[in-house]
Amino acid sequence: MRQSPHSLRLRLTGAVLMPLAALVLLFCIITALVTHDTEATTVDRVLIGSVRTLSLAYNSPAADRERLVPLVIHLLRRRARPVVLYSVYRGKTLVAGDPALRPPVDYRETWDGVIDRHRPATFVNAYRETPMVRGYLDPADAQQVTQAAYLRSGALHGKPARIATEIRRVDGAKALVVIQVADYMDDRAAYERTFLQQVVLAGLAALAITGLLFWWAIEWGLRPMSDLTRQVDRARRDASPTFRLETPETGPIEMQPFVAAFNGLMARLERATESLRQFTSNASHQMRTPLAVARVQLDVLDRYGPTSPQGKAALQDIPHAIDSLEQLLRQLIALARSEDQAGTQLHPFDLAEIAATATGERAAQASADIDIGYERDADGPLMAIGEPTLAAELIGNLLDNAIRYNRPGGTVSVHVGRRDDAVTVAIDDDGPGISAADRDKVWDRFYRVPRHNAPAGTGLGLPIARAIAERMGATITLEDGRTGRGLCAIVSFQSVPD
């Protein structure tokens, strides 16, 4: 199934927003946990502080109590976190507050001598340590307290509630006074929920704003790419192999490798196009000659007949023209195959064995007046890096040239050995050779050294040999023959490390 193309902007935006969304989610979770803990601690502090304040008011002398208690209750209702649920019981009698806020089940009306049946509530102060006695700064305030303020969970009017309780003795009364202050749990949960909703909305808003800003940033950042796209689009409408991408000097450095690679590709394409144009022109020119010869001889046959002297001569010339055309086509195919470097696997091989086999095959096919010899520096394999089939074709190609362009009664020798860090094979002949002025030209396709009575050829042998060598990472050099005459073609392969 074909997949639809993806937007780079969406991909980059998603790559940024996904981790950012994860961070927002993590922030919301942490905020919820911190808010819950802070809210619980704050409400518990308010309840404990409120119950202690109300308890101190009831510990006042009777004359002051009637005036202080209403004032304390008024202040508790007017504070930032108002406390409206409270009760004061003396024994079983409700003194003030909500009758539904009953004393705890273990409440005893008279003191049995037990101090702090429940562990008093304490809070950690991270900034300073204030010495307190059972929650009071003044030790005298804690003397009449039989149960210091503590917290418990309960129910009030059918709803869960958090209750702070303190029990004390009051002068002039036998029964213990239990003071309680409560707060509904759903009030706390509603506050946490509202605060968390605000945090989530703020996080989503920040995420949306960040996405829009990042989308604009990507649009701005990809502007140089858009400029390159416009250049390529203009070049597409007016195609030219000389086209090159241009970037301003102030352009992003990240674009430079792409531009350099693209321009390098275009330069290679330009060279390939020019090479193909020259190749096609030269090939068509070279193929014209044997085709013209064959056509002329066929016209002679048609005019004079095959039994005439002219017809018999034409029948002898036609096979030569066909052979020339066949050789040209064969070398053109070999050249095209040698330039196709895809899939070439280089590995160690024994160059001495390949050279000996190629020499033996050419010795069996060569004319009797050409002496072909083979020698090597030492016994044992000479391992080189390359491809055996291509190496055999390369050596055979150079041997064919040495035999074809040699003098009558000449010699050709193949020598395999080492030179510096390379493994080499040298094909040496004592023919007319190639002058120093022509040794650079013979690598050009279809170039032939001007020579009187030179055998027929296509001028593709050495270009094919170089293309095969380059495909294997080998090099070819041309030197004077070892006997002082002729030509020595030396192929250097990479040697296998010991």
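Biologist: What kind of crossing does α8 make as it passes α9?

Modeller: A left-handed one; that means the near helix is turned anticlockwise from the far one by less than a right angle. Bear in mind that this is a predicted model, where local features need pLDDT of at least 70, side-chain atom pairs count only at pLDDT 80 or more, and totals for chains, interfaces and linings use all residues. Residues are numbered from 1 along each chain as its sequence is written, and side-chain values use heavy atoms, leaving out hydrogens and water.

Biologist: Why are α8 and α9 called roughly antiparallel?

Modeller: Their axes cross at roughly 155°, and angles over 145 degrees count as roughly antiparallel. So α8 and α9 get that label.

Biologist: Which residues of α8 meet α9?

Modeller: With contact meaning heavy atoms within 4.5 Å, they are Leu390, Glu393, Leu394, Asn397, Leu398 and Asn401. By class, the contact of α8 with α9 has eight nonpolar, three polar and two charged residues.

Biologist: How do you know that β11 and β12 pair?

Modeller: DSSP has to find at least two bridges between two strands. Here β11 (residues 475-480) and β12 (residues 487-495) have six, in the antiparallel sense. Glu479, for one, stands opposite Cys488 in β12.

Biologist: What makes Tyr191 and Phe195 a stacked aromatic pair?

Modeller: Rings of Phe, Tyr and Trp (its six-membered ring) pair if their centres lie within 6.5 Å, and planes under 30 degrees apart count as stacked. Tyr191 and Phe195 come out at 6.4 Å centre to centre with 20° between the planes, so they are a stacked pair. Being four residues apart in helix α3, they are separated by about one helical turn.

Definitions and conventions:
Axes fitted to C-alpha atoms, helices over the stretch in contact; angles between N-to-C directions. Helix = DSSP H or I, 4+ residues; strand = E, 2+ residues; numbered from the N terminus. Parallel < 35°, antiparallel > 145°, perpendicular 65-115°, else oblique. Nonpolar A, V, L, I, M, F, W, Y, C, P; charged D, E, K, R; others polar. Phe/Tyr/Trp six-rings, centres within 6.5 Å; stacked < 30°, edge-to-face > 60°.
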